[in-house]
Amino acid sequence: MAALLYPGQGAQKVGMGQDLAEAFPEARAVFEQADTALGFPLSQLMWHGSETDLTLTHNAQPAILTHSLAAFAVLQEVLQPIVAAGHSLGEYSAYASAGALGVADAVRLVRRRGELMFDAGRQRRGTMAAVVGLDGDVVAETCRATSNSERVVVAANLNARDQTVISGDPEAVHRASEQLRELGAKRVLPLNVSGAFHSPLMEPAEHDLVGELDGVSFADPSCPVVANASAEPVTDAAGARAFLGAQLTAPVRWVASMECAVAIAGPEVGFVEVGPGSVLSGLLRRIVPGRRATALGTAAQITSFLEQHA
């Protein structure tokens, strides 16, 4: 058994997943499903496109999800998930790997999700910044204190106890950033994003995404999936749809989500990060000292893992 983690936006890079498609027929089939579902060769953009095009929100999101599901397709007979969680976009990967969403539906949904988020960012310009070295509660309170009725900033991604991403109107993010530096933040790093994700500025995108979710068939997940918005396990189709709908304006409660996943997994079950990169493995070590995750996203990593578990 294993506890599965799925990465979110930012894990993309040109060439991602090509080695999986070349090494494993199961992975190649997932890339083909994604290309067919979207009506264009996403796989070619992932493997041979430009970094600029791949980084666009509506391309990066289906690319990361497809890579994650391609890796899971190779690993599924070995992993036997007991709980799953995904960071923002990665929550869709978690539900798809748990059978709550079909691959084609998941790819189309996250493509549309990315388009809606991008459009919302054009309608009302927003930004985000990473705050390192301050407690998340201090960051959240500072955001509340520096927001007003016209310009808002919120704690959007609670990634670790001393690492929080803030999100909102540029003026409010700037005010909060200055205040957080004065309060002793080690770093406040502006992020290159197309909108204020996981903030009230995403309300237009959330409204339209809820309609898209209502048009897709969901099943009960085969294992609990810890929702970003609640940091609690979801075990039914209705809950999956509802929490994905609420996700765009709600904070990613990753610290609490990892504490929940660890409690479900127990002391003996290992964690596996499925898909590109190893960011979530690093966060798990910081959130729950002593717990480790194995990153499985490349053909070499997966081949070695399968050999060890043959």
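**Values against rules**

Author: Start with Ser 88, placed in the loop between β2 (81–86) and α6 (90–97). Helices and strands are DSSP runs numbered from the N terminus (H or I, at least four residues, for a helix; E, at least two, for a strand). This is a predicted model: local features need pLDDT of at least 70, side-chain atom pairs count only at pLDDT 80 or more, and totals for chains, interfaces and linings use all residues. Residues are numbered from 1 along each chain as its sequence is written, and side-chain values use heavy atoms, with hydrogens and water left out.

Reader: What makes the phi of Ser 88 worth a mention?

Author: Most residues other than glycine have a negative phi. Ser 88 is not a glycine, yet its phi is positive, near 55 degrees. Ala 231 is not a glycine either, and its phi is positive at about 60 degrees. Ala 231 sits in the loop between β7 (225–226) and β8 (233–234).

Reader: Which residues of α12 are buried?

Author: Among them are Trp 254, Val 255, Ser 257, Met 258 and Cys 260. An α-helix has 3.6 residues a turn, so residues three or four places apart point the same way.

Reader: How do you know what span to expect for α12?

Author: The expected span is 1.5 Å times one less than the number of residues. For the twelve residues of α12 that gives 16 Å, and the helix reaches 16 Å from its first C-alpha to its last. The value is close to the expected one. After α12 comes Gly 266, with a positive phi near 80 degrees.

Reader: What makes the radius of gyration of the protein chain agree with a compact globule?

Author: The radius is taken over C-alpha atoms, and the globule rule is 2.2 Å times the number of residues to the power 0.38. For 310 residues the rule gives a radius near 19 Å; the protein chain has 18 Å, so the two agree. The C-alpha trace spans about 55 × 45 × 35 Å along its principal axes. The secondary structure comes to 14 helices and ten strands.

Reader: What is the volume of the largest pocket?

Author: About 870 Å³. Of the 35 lining residues, the closest to the centre are Gly 8, Gln 9, Gly 10, Ala 11 and Leu 191. A pocket is an open set of points on a 1 Å grid over the protein atoms alone, where a 1.4 Å probe fits, with protein on both sides within 12 Å along at least five of seven lines; lining residues have an atom within 4 Å of a point. A volume is the space filled by probe spheres set on the points, which are joined across faces, edges and corners.

Technical notes. Buried means under 20% relative accessible area, exposed over 50%, partly exposed in between (1.4 Å probe, protein chains only).
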